[in-house]
Amino acid sequence: MEPDLVETDKKRKRNVSIGSTLQWSQWQLLDSILPTGGFAHSFGLEAAIQARLVSGPDDLKTFIIQLLDNTGSLLLPFVYSTTLNPTLDNWQNLNRILDATLTNEVGRKASVSQGSALMRVAAAAFTDVPSLKSMRDVSVGSGVVPFHHAPVFGLICGLVGMDSGTSQRAYMYVTMRDVISAATRLNLVGPLGASVLQHQIASVAEAMSKKWMDRPVEDACQTAPLLDTLQGCHGYLFSRLFCS
(Lines give C-alpha, C1' and ligand atoms only; values in the text may rest on other atoms or scores of the structure.)
Protein backbone atom coordinates (compact mmCIF):
# COMPACT_ATOMS: atom_id res chain seq x y z
CA MET A 1 0.00 0.00 0.00
CA GLU A 2 1.23 3.53 -0.81
CA PRO A 3 2.77 5.41 2.18
CA ASP A 4 0.35 8.32 1.78
CA LEU A 5 -2.61 5.97 1.83
CA VAL A 6 -1.25 4.23 4.93
CA GLU A 7 -0.83 7.56 6.76
CA THR A 8 -4.32 8.67 5.70
CA ASP A 9 -5.76 5.39 6.96
CA LYS A 10 -3.98 5.81 10.32
CA LYS A 11 -5.38 9.33 10.72
CA ARG A 12 -8.86 8.09 9.83
CA LYS A 13 -8.61 5.32 12.42
CA ARG A 14 -7.48 7.80 15.08
CA ASN A 15 -10.44 10.06 14.30
CA VAL A 16 -12.82 7.11 14.32
CA SER A 17 -11.38 5.97 17.66
CA ILE A 18 -12.03 9.38 19.24
CA GLY A 19 -15.51 9.52 17.75
CA SER A 20 -16.24 5.97 18.85
CA THR A 21 -15.26 6.75 22.44
CA LEU A 22 -17.67 9.67 22.48
CA GLN A 23 -20.40 7.50 21.00
CA TRP A 24 -20.25 5.16 23.99
CA SER A 25 -21.06 8.13 26.24
CA GLN A 26 -23.83 9.24 23.89
CA TRP A 27 -25.41 5.79 23.88
CA GLN A 28 -25.14 5.55 27.67
CA LEU A 29 -27.04 8.83 27.96
CA LEU A 30 -30.02 7.12 26.28
CA ASP A 31 -29.74 3.86 28.18
CA SER A 32 -32.78 3.07 30.30
CA ILE A 33 -30.49 1.68 33.02
CA LEU A 34 -29.15 5.18 33.71
CA PRO A 35 -30.68 6.02 37.14
CA THR A 36 -32.27 9.37 36.30
CA GLY A 37 -35.74 8.68 37.72
CA GLY A 38 -37.51 8.96 34.36
CA PHE A 39 -39.54 5.81 35.00
CA ALA A 40 -41.06 7.37 38.13
CA HIS A 41 -43.10 9.73 35.95
CA SER A 42 -46.01 9.12 33.58
CA PHE A 43 -46.21 12.62 32.00
CA GLY A 44 -49.85 12.91 33.08
CA LEU A 45 -50.85 9.50 31.67
CA GLU A 46 -51.91 8.12 35.05
CA ALA A 47 -54.18 11.12 35.66
CA ALA A 48 -55.58 10.81 32.12
CA ILE A 49 -56.49 7.17 32.79
CA GLN A 50 -58.25 8.02 36.04
CA ALA A 51 -60.07 10.87 34.29
CA ARG A 52 -61.15 8.28 31.67
CA LEU A 53 -59.59 10.22 28.82
CA VAL A 54 -57.32 7.26 28.05
CA SER A 55 -58.78 3.77 28.26
CA GLY A 56 -57.19 1.67 25.54
CA PRO A 57 -54.42 1.37 22.92
CA ASP A 58 -56.00 3.84 20.50
CA ASP A 59 -56.40 6.48 23.20
CA LEU A 60 -52.85 5.79 24.33
CA LYS A 61 -51.46 6.34 20.85
CA THR A 62 -53.29 9.66 20.57
CA PHE A 63 -52.02 10.69 24.01
CA ILE A 64 -48.40 9.89 23.12
CA ILE A 65 -48.58 11.80 19.82
CA GLN A 66 -49.99 14.87 21.58
CA LEU A 67 -47.32 14.54 24.28
CA LEU A 68 -44.55 14.42 21.67
CA ASP A 69 -46.00 17.46 19.91
CA ASN A 70 -46.13 19.36 23.20
CA THR A 71 -42.62 18.23 24.15
CA GLY A 72 -41.28 19.39 20.81
CA SER A 73 -42.93 22.79 20.96
CA LEU A 74 -42.12 23.52 24.60
CA LEU A 75 -38.87 21.75 25.46
CA LEU A 76 -36.87 21.17 22.27
CA PRO A 77 -35.86 24.86 22.09
CA PHE A 78 -34.13 24.47 25.47
CA VAL A 79 -32.39 21.25 24.39
CA TYR A 80 -31.29 22.92 21.16
CA SER A 81 -29.95 26.09 22.79
CA THR A 82 -27.93 24.30 25.47
CA THR A 83 -26.49 21.80 22.97
CA LEU A 84 -25.28 24.64 20.76
CA ASN A 85 -23.80 26.60 23.66
CA PRO A 86 -23.00 24.23 26.60
CA THR A 87 -21.62 26.90 28.92
CA LEU A 88 -22.41 27.55 32.56
CA ASP A 89 -23.92 31.01 32.03
CA ASN A 90 -26.13 29.95 29.12
CA TRP A 91 -27.31 26.81 30.91
CA GLN A 92 -28.18 28.66 34.12
CA ASN A 93 -30.04 31.35 32.19
CA LEU A 94 -32.10 28.78 30.28
CA ASN A 95 -32.88 26.97 33.53
CA ARG A 96 -34.35 30.16 34.96
CA ILE A 97 -36.38 30.81 31.82
CA LEU A 98 -37.82 27.29 31.80
CA ASP A 99 -38.62 27.47 35.50
CA ALA A 100 -40.71 30.56 34.81
CA THR A 101 -42.29 28.98 31.71
CA LEU A 102 -43.62 25.75 33.21
CA THR A 103 -47.18 26.36 34.34
CA ASN A 104 -47.97 23.59 36.81
CA GLU A 105 -46.21 22.62 40.00
CA VAL A 106 -46.29 18.87 39.34
CA GLY A 107 -44.61 19.24 35.95
CA ARG A 108 -42.05 21.68 37.34
CA LYS A 109 -41.10 19.34 40.19
CA ALA A 110 -40.89 16.36 37.83
CA SER A 111 -38.58 18.32 35.50
CA VAL A 112 -36.29 19.39 38.34
CA SER A 113 -36.26 15.89 39.86
CA GLN A 114 -35.23 14.23 36.59
CA GLY A 115 -32.77 16.97 35.70
CA SER A 116 -31.08 16.87 39.11
CA ALA A 117 -30.71 13.09 38.90
CA LEU A 118 -29.38 13.24 35.32
CA MET A 119 -26.81 15.90 36.21
CA ARG A 120 -25.67 13.96 39.28
CA VAL A 121 -25.26 10.73 37.32
CA ALA A 122 -23.53 12.42 34.37
CA ALA A 123 -21.08 14.25 36.63
CA ALA A 124 -20.18 10.95 38.32
CA ALA A 125 -20.12 8.76 35.20
CA PHE A 126 -18.61 11.00 32.52
CA THR A 127 -15.34 11.75 34.31
CA ASP A 128 -13.73 12.50 30.94
CA VAL A 129 -15.88 15.66 30.88
CA PRO A 130 -14.74 17.39 34.11
CA SER A 131 -16.74 20.54 33.35
CA LEU A 132 -19.94 18.63 34.17
CA LYS A 133 -18.88 18.17 37.79
CA SER A 134 -17.62 21.73 38.13
CA MET A 135 -20.86 23.15 36.69
CA ARG A 136 -22.93 21.00 39.02
CA ASP A 137 -20.85 21.97 42.06
CA VAL A 138 -21.17 25.69 41.28
CA SER A 139 -24.93 25.43 40.76
CA VAL A 140 -25.52 23.32 43.86
CA GLY A 141 -23.42 25.72 45.87
CA SER A 142 -25.41 28.73 44.71
CA GLY A 143 -28.73 27.03 45.51
CA VAL A 144 -30.67 29.38 43.24
CA VAL A 145 -30.60 27.58 39.87
CA PRO A 146 -33.02 24.65 39.33
CA PHE A 147 -31.80 21.63 37.38
CA HIS A 148 -34.55 21.32 34.77
CA HIS A 149 -34.36 18.18 32.64
CA ALA A 150 -34.39 19.66 29.12
CA PRO A 151 -31.52 22.15 29.63
CA VAL A 152 -29.49 19.54 31.55
CA PHE A 153 -30.03 17.01 28.75
CA GLY A 154 -28.95 19.51 26.09
CA LEU A 155 -25.93 20.58 28.14
CA ILE A 156 -24.69 17.01 28.50
CA CYS A 157 -25.32 16.27 24.82
CA GLY A 158 -23.27 19.29 23.84
CA LEU A 159 -20.39 18.38 26.14
CA VAL A 160 -20.18 14.76 24.94
CA GLY A 161 -20.03 15.87 21.30
CA MET A 162 -23.57 15.20 20.14
CA ASP A 163 -24.82 17.50 17.38
CA SER A 164 -27.97 19.56 17.94
CA GLY A 165 -30.15 17.54 15.55
CA THR A 166 -29.26 14.24 17.23
CA SER A 167 -29.71 15.69 20.73
CA GLN A 168 -33.24 16.91 19.90
CA ARG A 169 -34.22 13.55 18.41
CA ALA A 170 -32.70 11.83 21.45
CA TYR A 171 -34.85 13.93 23.79
CA MET A 172 -37.98 13.00 21.87
CA TYR A 173 -36.94 9.35 21.97
CA VAL A 174 -36.40 9.41 25.75
CA THR A 175 -39.82 11.01 26.24
CA MET A 176 -41.52 8.41 24.02
CA ARG A 177 -39.66 5.55 25.73
CA ASP A 178 -40.59 6.67 29.23
CA VAL A 179 -44.30 7.28 28.59
CA ILE A 180 -44.66 3.90 26.83
CA SER A 181 -42.90 2.25 29.78
CA ALA A 182 -45.42 3.96 32.09
CA ALA A 183 -48.29 2.67 29.93
CA THR A 184 -46.93 -0.87 30.32
CA ARG A 185 -46.88 -0.62 34.11
CA LEU A 186 -50.37 0.87 34.09
CA ASN A 187 -51.59 -2.23 32.16
CA LEU A 188 -52.68 -0.25 29.10
CA VAL A 189 -50.45 -2.34 26.85
CA GLY A 190 -48.24 -5.41 27.24
CA PRO A 191 -44.46 -5.50 26.68
CA LEU A 192 -44.76 -6.85 23.13
CA GLY A 193 -47.54 -4.40 22.29
CA ALA A 194 -45.41 -1.59 23.71
CA SER A 195 -42.56 -2.48 21.36
CA VAL A 196 -44.92 -2.56 18.38
CA LEU A 197 -46.45 0.76 19.42
CA GLN A 198 -43.05 2.41 19.82
CA HIS A 199 -42.07 1.33 16.31
CA GLN A 200 -45.36 2.59 14.88
CA ILE A 201 -44.97 6.00 16.52
CA ALA A 202 -41.32 6.39 15.50
CA SER A 203 -42.24 7.99 12.16
CA VAL A 204 -44.59 10.39 13.95
CA ALA A 205 -41.85 11.25 16.45
CA GLU A 206 -39.50 12.02 13.56
CA ALA A 207 -42.11 14.28 11.97
CA MET A 208 -42.63 16.07 15.28
CA SER A 209 -38.88 16.47 15.69
CA LYS A 210 -38.51 18.04 12.27
CA LYS A 211 -41.52 20.28 12.90
CA TRP A 212 -40.11 21.81 16.11
CA MET A 213 -36.37 21.42 15.59
CA ASP A 214 -33.82 24.25 15.78
CA ARG A 215 -36.07 26.89 17.33
CA PRO A 216 -34.96 29.53 19.85
CA VAL A 217 -36.36 29.53 23.37
CA GLU A 218 -38.41 32.62 22.50
CA ASP A 219 -40.57 30.33 20.33
CA ALA A 220 -41.26 27.79 23.10
CA CYS A 221 -44.99 27.24 23.56
CA GLN A 222 -47.71 24.79 24.66
CA THR A 223 -49.64 22.96 21.93
CA ALA A 224 -51.67 20.67 24.24
CA PRO A 225 -52.71 22.62 27.36
CA LEU A 226 -55.05 19.80 28.40
CA LEU A 227 -52.02 17.56 28.99
CA ASP A 228 -50.54 20.25 31.21
CA THR A 229 -53.80 20.46 33.16
CA LEU A 230 -53.98 16.69 33.58
CA GLN A 231 -50.44 16.49 34.89
CA GLY A 232 -51.22 19.30 37.31
CA CYS A 233 -54.12 17.23 38.69
CA HIS A 234 -51.87 14.27 39.45
CA GLY A 235 -51.30 15.37 43.03
CA TYR A 236 -55.04 15.14 43.73
CA LEU A 237 -55.33 11.46 42.76
CA PHE A 238 -56.47 9.28 45.67
CA SER A 239 -54.15 6.43 44.70
CA ARG A 240 -51.23 6.72 42.32
CA LEU A 241 -48.26 4.70 41.11
CA PHE A 242 -46.18 7.54 39.65
CA CYS A 243 -44.83 10.86 40.90
CA SER A 244 -46.34 12.80 38.00
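Visitor: Why does Asn 187 count as exposed?

Guide: The relative accessibility of Asn 187 is 69%, and the term "exposed" requires a value over 50%. Asn 187 therefore counts as exposed. Please note that the model is a predicted one. Asn 187 belongs to the loop between α9 and α10 (191–212).

Visitor: What makes the phi of Asn 187 worth a remark?

Guide: Most residues other than glycine have a negative phi. Asn 187 is not a glycine, yet its phi is positive, near 65 degrees. Phe 43, also not a glycine, has a positive phi of about 60 degrees. Phe 43 is found in the loop between α1 (3–29) and α2 (45–50).

Visitor: Is Phe 43 buried or exposed, and how do you know?

Guide: Phe 43 has a relative accessibility of 16%. Buried means under 20%, so Phe 43 is buried.

Visitor: How do you know which class His 149 belongs to?

Guide: The relative accessibility of His 149 is 10%. That value falls under 20%, and His 149 is therefore buried. His 149 is part of helix α8 (residues 149–159). Leaving out residues up to four places away in sequence, His 149 touches Ser 111, Gln 114, Gly 115, Leu 118 and Tyr 171.

Visitor: Why are Cys 221 and Cys 233 given the label "partly exposed"?

Guide: Cys 221 has a relative accessibility of 31%, and Cys 233 has a relative accessible area of 35%. A search of the whole structure for disulfides finds zero.

Visitor: Which residues touch the most other members of the largest nonpolar core?

Guide: They are Leu 60, Phe 153 and Ile 156, in a core of 57 residues. Helix α9 (residues 164–185) gives the largest share of this core, eight residues.

Visitor: What kinds of residue make up the lining of the largest cavity?

Guide: The lining consists of 11 nonpolar, 13 polar and three charged residues. Its largest share, five residues, comes from α6.

How values were computed: Residues are numbered from 1 along each chain as its sequence is written. This is a predicted model: local features need pLDDT of at least 70, side-chain atom pairs count only at pLDDT 80 or more; totals for chains, interfaces and linings use all residues. Side-chain values use heavy atoms; hydrogens and water are left out. A nonpolar core is a set of buried Ala, Val, Leu, Ile, Met, Phe, Trp, Tyr and Cys residues joined through side-chain atoms within 4.5 Å. Buried means under 20% relative accessible area, exposed over 50%, partly exposed in between (1.4 Å probe, protein chains only). Helices (H or I, at least four residues) and strands (E, at least two) are DSSP runs, numbered from the N terminus. A disulfide is a pair of cysteine sulfur atoms within 2.5 Å. Contact means heavy atoms within 4.5 Å. Ala, Val, Leu, Ile, Met, Phe, Trp, Tyr, Cys and Pro count as nonpolar, Asp, Glu, Lys and Arg as charged, and the others, Gly among them, as polar.
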